[in-house]
Amino acid sequence: YDGEFGEIWCCSEGNAFNYSVCKDITDKSSKKPLTNDPFITDQFTSKLKTEVDNGLTYLRTGDLGFIKSMSCPDAYGNLVDLNLLFVLGAINETVEILGLTHFVKDLERTVISSHPSFECCLLAKAGGLLVCLVKCREDKRSNLANYTALIVSELLKNHGVLLDLCAFAKFGSRANFPQNWNNNRATVMRDWFDQKLPIESQFGINFGENVSIYLLSEFEKGS
């Protein structure tokens, strides 16, 4: 299993076994009872599927990582074999495209660095489509089509990913946007899909992953 990545599960005497949540946090006038969420409880008491139950329970962290065996010298110059855990990131911040897992932050970093006019962006999978929402630093309505072509080109060149839809937030509507998109990903995406965020323009590029698979198969036949 050396080098194979997957979800990180933890098992130790220091593991917590559950925690309670308050479902209604809007009413601060009175104390609300704490309740247990079955989904959260399952995350704390997961078991490996083996033929024999060893009685151990694991905490599912929700992060992807891998273990790499390495040798390094200690303070006395002696080689010590270590199994190092590398944490890649959260599973809910990934998208799967053509069987490959991509971290959206890597894709977003590519978009932001492709042009100085881009202030921030968000990428996500929605309805089987890979969509991108971009906020520009200045009003460049006449250049949005060119920006779209640039974003599609950079994502395809650096990650082998074909964008399906690219939208640009309306310039000057900062009051309607959370200031920090990275810390408010769910809020921004929900407001965008609910049409609460003003959009200047949006451009369709592709029709989803199934079309990409079909085109790749046709290319293979032709070659």
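# Close-up views

**View A. What covers the buried residues of helix α2 includes β4, β5, β6, β7, α3 and α4.** The model shown is predicted, so local features are described only where pLDDT is at least 70 and side-chain atom pairs count only at pLDDT 80 or more, although totals for chains, interfaces and linings use all residues. Residues are numbered from 1 along each chain as its sequence is written, and side-chain values use heavy atoms, with hydrogens and water left out. The helices (H or I, at least four residues) and strands (E, at least two) are DSSP runs numbered from the N terminus. In α2, the buried residues (under 20% relative accessible area, with exposed meaning over 50% and partly exposed in between, for a 1.4 Å probe and protein chains only) are Val104, Leu107, Glu108, Thr110 and Val111. Because they cover an arc of only 155 degrees around the axis, these residues lie on the same side of α2; the arc is taken over the directions from the helix axis to the C-beta atoms. Arg109 and Ser113, on the other side of α2, are exposed.

**View B. The four strands of an open sheet follow the order β6-β7-β8-β9, and their pairing is mixed.** Its edge strands, β6 (118-126) and β9 (199-204), each pair on one side only, where pairing requires that DSSP find at least two bridges between two strands. On average, neighbouring strands of this sheet are turned by 15 degrees against each other, direction ignored. Strand β8 (residues 165-169) and β9 run antiparallel and are joined by five bridges, and within β8 and β9 the residue Ala167 stands opposite Gln202. Strands of a sheet pair through backbone hydrogen bonds, either parallel or antiparallel.

**View C. Two helices, α2 and α3, lie against strands of the four-stranded sheet.** Helix α2 (residues 104-113) lies across β6 and β7 (129-136) and runs at about 140 degrees to β6. Helix α3 (residues 144-159) packs on the sheet, touching β6, β7, β8 and β9, and its direction makes about 130 degrees with that of β8. These angles run from 0 to 180 degrees between N-to-C directions, the axes being lines fitted to C-alpha atoms, for helices over the stretch in contact; contact itself means heavy atoms within 4.5 Å.

**View D. The buried residues of α3 pack against α2, β6, β7, β8 and β9.** The 16 residues of α3 reach 22 Å from the first C-alpha to the last, close to the 22 Å expected at 1.5 Å a residue, where the expected span is 1.5 Å times one less than the number of residues. Leu144, Tyr147, Thr148, Ile151, Val152, Glu154 and Leu155 are buried in α3. Because the arc they cover around the axis is only 165 degrees, they fall on the same side of α3, while Asn146 and Lys157, on the other side, are exposed. Just after α3, Gly160 takes a positive phi of about 65 degrees.

**View E. Ser117 lies in the loop between α2 and β6.** With a relative accessibility of 7%, Ser117 counts as buried. Its side chain makes a polar contact with the side chain of Tyr147 at 3.3 Å; such a contact is a pair of N or O atoms within 3.5 Å, of which, within protein, one must be able to donate a hydrogen and the other to accept it, and residues adjacent in sequence count only if both atoms are side-chain atoms. Not counting residues up to four places away in sequence, Ser117 touches Lys135, Cys136, Arg137, Glu138 and Tyr147.

**View F. Leu98 and Gln195 each have a positive phi in a residue other than glycine.** Most residues other than glycine have a negative phi, and most peptide bonds are trans. Leu98, in the loop between β4 (94-97) and β5 (100-103), has a phi near 55 degrees and is partly exposed, with a relative accessible area of 35%. Gln195, in the loop between α4 (185-193) and β9, has a phi near 60 degrees and is exposed, with a relative accessible area of 74%.

**View G. Three strands form an open sheet in the order β1-β2-β3, with antiparallel pairing.** At the edges stand β1 (5-10) and β3 (79-90), each with a single partner strand, so one side of each is left without a neighbour in the sheet. From one strand to the next, the twist averages 55 degrees. Strand β2 (residues 59-73) is joined to β3 by 11 bridges, the two running antiparallel, and Gly65 stands opposite Val87 in β3.
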